[in-house]
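User: I have a model open on my screen and would like to learn how to read it. Could you walk me through a few features?

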Amino acid sequence: MLRQILAWIVAIAAGLALGGASAWAALTVGVSGFSAHYGAWSLNRAAGSTAAGPYTRAIIARYGLLELSSREALYFNLERDEHGQPLSESCIYDLAGRDLATRWWSVTLYARDSYLARNDDHAASVDSSRVSAGDDGLWRARISSVQGNSVNWLSSRNARRGFSLTLRVYNPQRDFAPSEDALPKLTTVSCASPS
Amino acid sequence: MSGWGKYIVAALLVAVVTHIVAIFAVPNVLMNVALQRLGGGHYNAWHLGDRVTAASRTIVRPSPDFAYSACPYDLATGPVRIHVAPWNDYWSLSLYANNSDNFYVLDDREARDGADILLIRGGSPPPDHPTATVVESPSARGIALIRRLAPTPDAYAGAAHVAPNDICASAAR
């Protein structure tokens, strides 16, 4: 009798653990499966939508609570460099792009915990009102832990490994069509060797 | 069914139910956390957030380029009136149900001179002579959020100057 009771307790506990773990996995490992991909950028058009499915809604609630629906704004996320490696504070990146067919855009750097990196550089974002294109039609921003001589700087100081970028596109025009070519391109300039 | 089979089936059933409950519960749980963090347990009043910095830990992925005002609303005692004072750059009013759905958005292109909303519970009868746009909320509680584009300290100071003119208050008689 005692053995049966113990077996039921173990079965229920195992079920709870398995169910919890699979839900956690769906909200972490499975995130990319609910997004459209444009090069290294990912987009979930169902963010904030009343038509979002339960998984999309849960993922957005975890990583982007209170995001606007795609009618108002689009949120693109980038978590890996051009080699597929997680973004790291020990690397210097160049972000370059053309002006987007939208009213306003910004790129913001978030640490792995989805909050701004803990530094007092006040360089967590660049936006369309503060950058201008060069002769080649591209605006550029430097992503690094120190500003150096860069004009448009996103500070990765204390962002450690696994930080991400969010591109916000507000009031996109009718002809705004996300594509790998249209969205800003990230290039790794250098990485410090592990000591 | 005999032996270990019934225990394995039971474990799988519990796992499926737990998985589904967890997925459906996450948005509501996180919204309840947000309601507490943004309003401190108080409803139907705007709370202007400090300028977003590295110390901001209220809501994930905040934008440092916006001045945020949040009003956790509660329609239990009746409609809530929401007024948004105009701003000289992009602004929007967005309404979120308690499952995190963004069920309403209005921005300055549609309401250059600000916005007046009467928020009522979905399915309840609208007022006879509404003096504002009537919007139905799918849930009794939720969050109204104003975003004012303010990418510089000066712009944020300007938004903070305008924000006291916003209204979020019970319209119940």
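**Reading strands, burial and the core**

Analyst: Gladly! Let's start with a strand pair: β1(B) runs antiparallel to strand β2 (residues 66-74) of chain B, and two bridges join them. Please keep in mind that this is a predicted model.

User: Which residue in β2(B) is the bridge partner of B:His47?

Analyst: B:His47 is bridged to B:Ala70. As a general idea, the strands of a sheet pair through backbone hydrogen bonds, in either a parallel or an antiparallel way.

User: What is the order of the strands in the open sheet of chain B?

Analyst: The five strands are arranged as β1-β2-β8-β4-β5, with antiparallel pairing. The edges are taken by β1 (47-48) and β5 (102-107) of chain B; each has a single partner strand, so one side of each is left without a neighbour in the sheet.

User: Now a single residue. Is B:Val80 buried or exposed?

Analyst: For burial, we count neighbours: a residue is buried if 20 or more other C-beta atoms lie within 10 Å of its own. B:Val80 has 26 C-beta neighbours inside 10 Å, so B:Val80 counts as buried. You will find B:Val80 in strand β3 (residues 80-84) of chain B.

User: Which residues is B:Val80 in contact with, leaving aside neighbours within four places in sequence?

Analyst: The contacts of B:Val80 beyond those neighbours include B:Asn44, B:Tyr73, B:Leu75 and B:Leu119, along with B:Cys168, B:Ala169, B:Ser170 and B:Ala171. Take B:Leu119: it is 39 residues from B:Val80 in sequence, yet their C-alpha atoms are 5.1 Å apart in space.

User: How many residues are in the largest nonpolar core?

Analyst: That core has 89 residues, and those with the most contacts inside it include A:Leu109 and A:Leu167 from chain A, and B:Ala34 and B:Ile143 from chain B. Helix α1 (residues 5-39) of chain B contributes the largest share of this core, eight residues. For a closer look at A:Leu167, its contacts outside four places in sequence include A:Trp41, A:Phe76 and A:Trp105.

User: And how many helices and strands does chain A have?

Analyst: Chain A has two helices and 11 strands. Along the sequence they follow the pattern α-β-β-α-β-β-β-β-β-β-β-β-β. Of the 195 residues of chain A, 37% count as buried. Among chain A contacts between residues at least 6 apart in sequence, 68% join residues at least 24 apart. The C-alpha trace of chain A spans about 80 × 50 × 30 Å along its principal axes.

Note on methods
Residues numbered from 1 in each chain as written. Chains lettered and ligands numbered in written order. Predicted model: local features only at pLDDT ≥ 70, side-chain atom pairs only at ≥ 80, totals over all residues. Helix = DSSP H or I, 4+ residues; strand = E, 2+ residues; numbered from the N terminus. Buried ≥ 20, exposed ≤ 12 C-beta atoms within 10 Å, placed from the backbone. Contact = placed C-beta atoms within 7 Å. Pairing = 2+ DSSP bridges. Core = buried A, V, L, I, M, F, W, Y, C linked by C-beta atoms within 7 Å.
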